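Colleague: I would like to go through this model with you, beginning with the strand pairing and then turning to a helix. May we look at it together?

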Amino acid sequence: MEKRIDTIIETAIKALEDKKAENVVTLNISRLTTVADYFIIATGNNPNQMLALSDAVTDALAAVGINCRAVEGYNGASWILIDYQDVVIHIFDRDSRSFYNLEHIWKGAEVL
């Protein structure tokens, strides 16, 4: 893994864990698609926590000089997607994570 990707993954996971995200999973999808190399998937317990998780990730990465390309779903707060090009972070509420089941869709991915 290249250093920038390592930094994104490590920093994002720490930020998510510090804000008590549940069931944080990192998938290496690089062999399966060109969309990204890694997905980080996490669950928040309520809309406020999901926003806090998203803010914690973007703030922590900005602090080390890495800015996201885009954030989608922030206002809806049932599925927030944060795009760092090589790493895409998905923050779900419980129902949306179960419904979209990214771990199943990308079941051929290596789980880190």
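Colleague: Which residue stands opposite His-90 in strand 5?

Modeller: Please note that this is a predicted model. Strand 4 and strand 5 run antiparallel and are joined by five bridges. The residue that stands opposite His-90 of strand 5 is Leu-81.

Colleague: Which residue takes a positive phi in the hairpin of strand 4 and strand 5?

Modeller: Three residues lie between the two strands of this hairpin. One of them has a positive phi near 70°, and that residue is Gln-85.

Colleague: Which residue in strand 5 stands opposite Ala-42?

Modeller: Strand 5 also pairs with strand 2, here in the parallel sense and over six bridges. Opposite Ala-42 stands Ile-91.

Colleague: Why is strand 5 largely enclosed by the rest of the structure?

Modeller: On one side, Val-87, Ile-89 and Ile-91 are buried. Strand 5 is largely enclosed because its buried residues number six of the six.

Colleague: Against which elements do the buried residues of helix 2 pack?

Modeller: The buried residues of helix 2 include Met-50, Leu-53, Val-57 and Leu-61. Residues three or four places apart in an α-helix point the same way, because there are 3.6 residues a turn. The buried residues of helix 2 pack against helix 1, strand 2, strand 3, strand 4 and strand 5.

Colleague: Which backbone nitrogen does a side-chain oxygen of Asn-46 reach at the start of helix 2?

Modeller: Helix 2 spans residues 47–63. At its start, the side-chain oxygen of Asn-46 comes within 3.1 Å of the backbone nitrogen of Asn-48.

Methods. Residues numbered from 1 in each chain as written. Predicted model: local features only at pLDDT ≥ 70, side-chain atom pairs only at ≥ 80, totals over all residues. Heavy atoms only, no water. Helix = DSSP H or I, 4+ residues; strand = E, 2+ residues; numbered from the N terminus. Expected span 1.5 Å × (residues − 1). Buried < 20%, exposed > 50% of the residue type's maximum accessible area, 1.4 Å probe, protein only. Contact = heavy atoms within 4.5 Å. Polar contact = N/O pair within 3.5 Å; in protein donor to acceptor, adjacent residues only side chain to side chain. Pairing = 2+ DSSP bridges.
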